[in-house]
Amino acid sequence: MKKSILKHSLRPAVLLCVSGLMLGACSKDSKKPGYEYMPDMYRSPSYETNSSNPNFPDSMTSRLPAPGTIPVAYTPYTYPNTNEGYEAAGKELKNPLESTPENIAEGKRLYENFCIHCHGQEGKGDGMLTQRNFPPPPSYSGQLKNLPEGKMFHSITYGKNLMGSHASQLNAAERWKIILYIQTLQHIGEVPMADSSAPAVKEKPAKK
Amino acid sequence: MTHPKLRGVLLPLALLFILPFAVSAADPDGASLFKANCAACHSVGKGKLVGPDLKDIQKRQSEDWLLKWIKSSASLRKSGDAYANEIFGQYNIEMPDQSLSPSEIKAVLGYIKSEGDKASAPASVSTPVGGEGASAETDSSGDNSFYVLLLIAVILLVVAAVLTRVRNGLQKAIRAKNGIPEPALLPARQRMYVWARSNKKLIAVAIIVLGVWSSVKGWYMLADVGISQGYQPDQPIAFSHKLHAGEMKISCIYCHSGAEKSKTAGVPSVNVCMNCHKAIRQGPTTGTAEIAKIYAALDYDPNTMTYGPNSKPLVWTRVHNLPDLAYFNHSQHVKVGGVKCQTCHGPVEEMTVAKQFAPLTMGWCINCHRTTQVKLENNHYYDNYHPVPELMGKHGRDTVVTVEKIGGTECARCHY
């Protein structure tokens, strides 16, 4: 009996192997999302944030506010994107936020998410991207040591030279918090110097 | 007047300040000066950025002119210099006055000249090495293994056919030798019937194996309905998260800045791409081909650095898509909960092509809500939401507050 199974099993065994192989090959295609059960519950007729939209000529669902309207709790930025606007902002524009440790800490966190890539850990213009062909920006504690806060806000809002506008990623309050942190970077390395020189001057008269 | 002791301290101190400058004045380093003062706006041989490309600048202008221009471009312009006014007209931006000494400027000019000579020498084309190439290879070998198996199957079939013919031939020969007459050829259906009767056990085993295998396979196929785990569609631009987030360490939030502020993390608008790609016109693996697609979408001309009127949105293919019957809010998880992006999206910084990492099933959500502890301390979101001691009292001695305990598994939390 065993012999007869061996003898007669060649053809079906081969057929079985081949059919198994073919069916096994019908594995999931990673380029397709797969089947859905009742897609009408999965996908509502409303448009999603980044989906395309046939109702608008540019086919985008994300819209800008209608011209002439101002969103709630939003302060429009009135300085124009020109060299004159930059100078005027530097003279007149002041930070509405106080330089509290909390604001500076939040500014540091935002700086590390949005600025550090080019400006570097200490704002010296030596970020990761400058090692990969991106032109290095000037150092906060060097060329930009005396940059007024209004000019910083203007630059983050509109962009400056090779830096693009970051207004779409950061709201005004976030920009001001980052500026509070940058102001600490402008004087980085100075603080220990001031500390060591101050006692040195004080000590002398004391010894006298 | 000065105390002698004090002078003894002051002199070395003063020297300490003066010496570094004295050294740098004696031997200014053109490369580092260029990097600190010029590189933000000028390249040498890599095209114009904010200002003109400085390659061969010495051939365009005399050193004397360059010295004056670098010292103060505004005053040179006001003196009525034609070329200075022409340059300003082209770029419409004032070059800031540089507080560099003539010897430092000469060092910078020397550096520009040597870099320019390097740039005009035949450039060695860097071949793409690393991640992308390697992963492409593994992909193709995965495809090959199927064809190898298919080839083996075909060869086995041919061998089986040949062996059957040989066996039939031998049987025929034996019958001829022993003088047994050839059996009458039965119709095909009857032959199959005869074969089936003599192979009952084999057929039984085959039916059982096939039945078990297909029900297991079918079960998994049904369980897979509505789950897109592993979905990795092609995108309009071969954007690599591995290169941007992995190697260059750009934070997730930089591009997906909605994740902290809104329901949707958001696909970045092309202006975010341009924050870097205004200057980076060539990628390490795909050259200019993929970056050119950004410029095409924006109708941007990288040579003149100007935007045209015919911009159109890039249509990315969405990878993660929860069914609309479930509500999910990114800011609640990222900002309030402090959940890392990678918890749900996996090691995106290692993905060349973005891929769905988690199953995104309800069971997966609920499991996480049951085990994740809510960060109540120093979390202003919960200041007025649940007085913490009260909550602790409600749950007895159990001080671990999971998402489930503050209602994170209620139906209406996500389905409404």
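## A loop residue in chain B

B:L360 lies in the loop that connects α16 (341–345) and α17 (362–371) of chain B, where helices (H or I, at least four residues) and strands (E, at least two) are DSSP runs numbered from the N terminus. Although B:L360 is not a glycine, its phi is positive, at about 55°. B:L360 counts as buried, with 20 C-beta neighbours inside 10 Å; a residue is buried if 20 or more other C-beta atoms, placed from the backbone, lie within 10 Å of its own, exposed if 12 or fewer, and partly exposed in between.

## Basis of the model and its confidence

This is a predicted model, in which local features need pLDDT of at least 70 and side-chain atom pairs count only at pLDDT 80 or more, while totals for chains, interfaces and linings use all residues. Residues are numbered from 1 along each chain as its sequence is written, and chains are lettered from A and ligands numbered from 1 in the order in which they are written.

For the complex, the predictor gives an ipTM of 0.79 and a pTM of 0.71. The pLDDT, which is the predictor's confidence in each residue from 0 to 100, has a mean of 81 in chain A, where 78% of the residues reach 70 or more. Over residues 1–7 of chain A the pLDDT is below 50, and this stretch has three contacts in the model beyond near neighbours in sequence, two residues being in contact if their C-beta atoms, placed from the backbone, lie within 7 Å. Residues 193–208 of chain A also stay under 50, with one contact beyond four places in sequence.

Chain B averages a pLDDT of 81, and 85% of its residues score at least 70. Its residues 11–25 have a pLDDT below 50 and two contacts beyond near neighbours in sequence. Over residues 123–141 of chain B the pLDDT stays under 50, and the model has nine contacts beyond four places in sequence for them.

## Chain B and its side towards chain A

Chain B contains 19 helices and two strands, and 14% of its 416 residues count as buried. Of the contacts in chain B between residues at least 6 apart in sequence, 65% join residues at least 24 apart.

Between the chains, 56 residues of chain B are in contact with 54 residues of chain A. On the chain B side, α2 (30–37), α8 (131–178), α10 (200–223), α12 (252–255) and α13 (270–277) each supply at least two residues, and the largest share, six residues, comes from α8(B). By class, this side has 33 nonpolar, 15 polar and eight charged residues; Ala, Val, Leu, Ile, Met, Phe, Trp, Tyr, Cys and Pro count as nonpolar, Asp, Glu, Lys and Arg as charged, and the others, Gly among them, as polar.

## A helix pair and a loop residue in chain A

In chain A, the axes of α7 (residues 149–158) and α8 (residues 172–186) come within 10 Å and cross at roughly 130°, which makes α7(A) oblique to α8(A). Angles under 35 degrees count as roughly parallel, over 145 as roughly antiparallel, 65 to 115 as roughly perpendicular and the rest as oblique. The contact involves A:E149, A:M152, A:F153, A:I156 and A:T157 of α7(A), together with A:R175, A:W176, A:I179, A:I182 and A:Q183 of α8(A); by class, six residues are nonpolar, two polar and two charged.

A:M38 is located in the loop between α2 (10–25) and α3 (39–42) of chain A. A:M38 has a positive phi of about 60° although it is not a glycine, and it is exposed, with 11 other C-beta atoms within 10 Å.

Key. Axes fitted to C-alpha atoms, helices over the stretch in contact; angles between N-to-C directions.
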